[in-house]
Amino acid sequence: MEFSFRTRNQWLQELAQKELDILVIGGGITGAGIAREAALRGYAVALVEKHDFGSGTSSRSSKLVHGGFRYMAQWHFGLVHEALVERYHLMQLAPHLVHPQSFLLPIYRNQLVSPWLIHLGLFLYDWLTFGKNIGRHQMLTVDRIAKEVPLLRRENLQKAALYMDARVDDFRLVLATIKAAVFQGAIAVNYVEARQLERKESPFLVQLKDRLTGEKITVRTRAIANASGPWCDAVLQQFTGHPRRHVRPTKGVHLLLHQDRFPIRHAITLFNRRDGRPIFAIPFSPFVVLGTTDTDFNTTPEQVSTHAADVKYLLQVFNDYFPDVQLQSTDIISTYAGVRPLIYEQNKKASEVSREHQIFQSPPGLFSIIGGKLTTYRVMAQDMVALLGKFLRQRYGVRGRADDLSLQIPLWGGRIAHWEEFYRQYQQIMVQEGFSPEAAHHLLTSYGSDVVEVLQVIRQTADGANRIHPELPYLWGEIDYHLHQEMALRVEDFLVRRLHIYSLDAQQGKGVLPALIQRIAAQLGWHPHQQQRETERYLEKIHRDNQWRQVSI
Ligand code: FAD
């Protein structure tokens with residue numbers, strides 16, 4: 001399925017002429033889910049994203065598809081149950097992206113919670129899956145803990161709980177959902193911003209701006225789904241002129257380290273001894289992701305960045321539990337920061353704010369959604385489309401399909417009956433064909449059943465199967481696939497999100513930049529000055545994201 005700059009141009013022309021049922025604003029996981037659900041129900045739907053798909057919060061999460069064990073302590077059993085069931089569903093809908101992950105939670109004598117309380121909590125956590133469990137928890141003795149995590153602080157260590165959750169490539173989940181929506185008939189374009197309402201009642205006239213050309217387009221739509229996450233209040237103010245606070249934005253920072261520096265088999269949940277907040281160390285072989293912080297954030301989400309204080313906080317918690325590892329800021333390869341679009345609730349600490357979602361409507365036909373989690377996005381989308389559907393039915397007599405297909409039709413790349421078998425067969429074929437086991441693993445866990453198309457593209461050029469970076473498993477042919485089948489348009493789209501070169505390479509991709517730009521330029525027709533601009537834009541990003549290193553920690 002072509003999903004490229006060409007498709008984008010064609011769709012932008014179509015948008016100017018079409019009357020939509022639903023215009024979705026925001027191409028994060030929430031907007032992606034809504035577009036898919038609306039398309040599955042047969043509505044005329046288009047999604048616009050002002051930057052790249054998933055570039056907001058949805059590619060900056062802890063990358064967990066989880067029930068959220070810590071919410072048990074806040075008695076949010078409904079939310080935990082919903083998330084655990086969704087965890088199971090997502091593992092069926094995208095088995096290539098969502099993988100079981102074991103978590104080890106150490107329990108110390110001087111902690112507020114005792115082993116038996118954690119044991120009881122995890123018993124409930126397992127039980128709340130209502131038969132959709134992915135493995136039961138165990139309680140480990142100190143000897144066993146020493147075998148599983150030899151470097152963990154032993155002093156006062158009583159026990160540890162080993163339980164199961166799941167991890168995901170968050171950006172790829174967004175893209176797999178968007179491509180699934182497109183396959184069902186949705187339009188989805190990146191670098192298109194919804195600017196203002198030229199007509200403020202349904203049917204709305206929404207002014208869009210193509211951020212690549214500056215061109216303005218007016219689209220007519222019966223209803224709007226504002227899924228702009230942390231930008232929700234800003235979009236509403238632009239549209240209605242009324243400043244109102246619905247969102248409580250909080251910042252979360254993650255650090256990336258090489259596993260050589262800190263080898264772990266299980267993810268580890270550590271509670272900060274000072275404020276009681278959980279910090280995760282998650283193995284994304286051969287790297288470890290460490291995070292996250294949760295602090296109020298009051299500037300525009302575009303400006304979110306890591307500060308030295310965030311790094312210091314995370315390193316302190318970690319080093320407290322792993323005194324013999326003693327991580328330094330120089331061990332950090334890269335960091336990322338994101339903004340949670342939480343529901344605004346007065347007088348609550350950032351980490352206490354509910355992770356539930358909320359939908360509101362004002363004026364009639366303009367619906368906004370905030371809160372929620374990556375894990376529960378399918379349920380959020382169903383709630384939103386049910387309300388949109390009711391509006392369209394009552395106001396226009398437009399009826400969507402009644403049958404619920406969102407659990408029957410997999411996400412893009414998810415057409416796989418048995419993941420292990422699929423993986424084993426393809427891995428073998430690819431290794432026989434000359435791919436390294438790491439490259440085969442990367443291709444299978446990124447593209448799933450779409451790997452067949454990816455391989456075709458890789459084989460089309462002489463250098464398609466060559467590595468882009470000597471230490472990372474990514475291949476040049478993937479860049480061509482991203483151009484033609486993933487609507488990648490800017491250097492950042494390739495290096496930061498579709499591949500993780502930006503996060504995993506100590507040079508953050510600087511070394512591959514000239515060759516990459518040449519390859520993209522040849523296909524997108526970039527002039528030398530455009531190539532120069534793209535290079536500068538990317539180098540500026542590296543500079544901005546590393547400013548925290550100027551402050552000593
Ligand atoms: P976003 O992903 O921010 O998407 C909104 C999009 O709207 C943006 O891409 C933006 O560019 C676009 N936009 C804004 N204005 C306009 C406009 N005018 N026109 C067009 N487009 C516009 N959840 C989990 O389930 N598991 C986790 O492990 C987890 N970890 C997290 C860790 C951190 C640090 C954070 C911050 C969140 C975490 N979450 C997690 C929560 C989850 O990531 C978010 O709830 C989710 O990604 C929000 O998605 P969204 O689509 O609502 O927002």
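## Overall fold and salt bridges of a predicted chain

The secondary structure of the chain comes to 17 helices and 18 strands, where helices (H or I, at least four residues) and strands (E, at least two) are DSSP runs numbered from the N terminus. The radius of gyration of the chain is 23 Å, close to the 24 Å that the globule rule gives for 553 residues, so the chain is as compact as a globular protein of that length; this radius is taken over C-alpha atoms, and the rule is 2.2 Å times the number of residues to the power 0.38. This is a predicted model, in which local features need pLDDT of at least 70 and side-chain atom pairs count only at pLDDT 80 or more, while totals for chains, interfaces and linings use all residues. Residues are numbered from 1 along each chain as its sequence is written, and side-chain values use heavy atoms, with hydrogens and water left out.

Along its principal axes, the C-alpha trace spans about 70 × 55 × 50 Å. Of the 553 residues, 59% are buried, a word that means under 20% relative accessible area, with exposed meaning over 50% and partly exposed in between (1.4 Å probe, protein chains only).

Side chains of opposite charge can pair when their charged atoms come close. The structure holds 35 salt bridges, each being a side-chain nitrogen of Lys or Arg within 4 Å of a carboxyl oxygen of Asp or Glu. Three of these pairs are set out below.

| Asp 52 | Arg 498 | 2.7 Å |

Asp 52 and Arg 498 meet in a salt bridge, and because Asp 52 lies in the loop between strand S2 (45–48) and strand S3 (64–65) while Arg 498 lies in helix H14 (residues 491–498), the pair ties together parts that are 446 residues apart in sequence. Asp 52 is buried, with a relative accessible area of 0%, and Arg 498 is also counted as buried, at 1%.

Asp 52, Arg 172, Glu 486, Glu 492, Asp 493, Arg 497 and Arg 498 are linked in a network of salt bridges.
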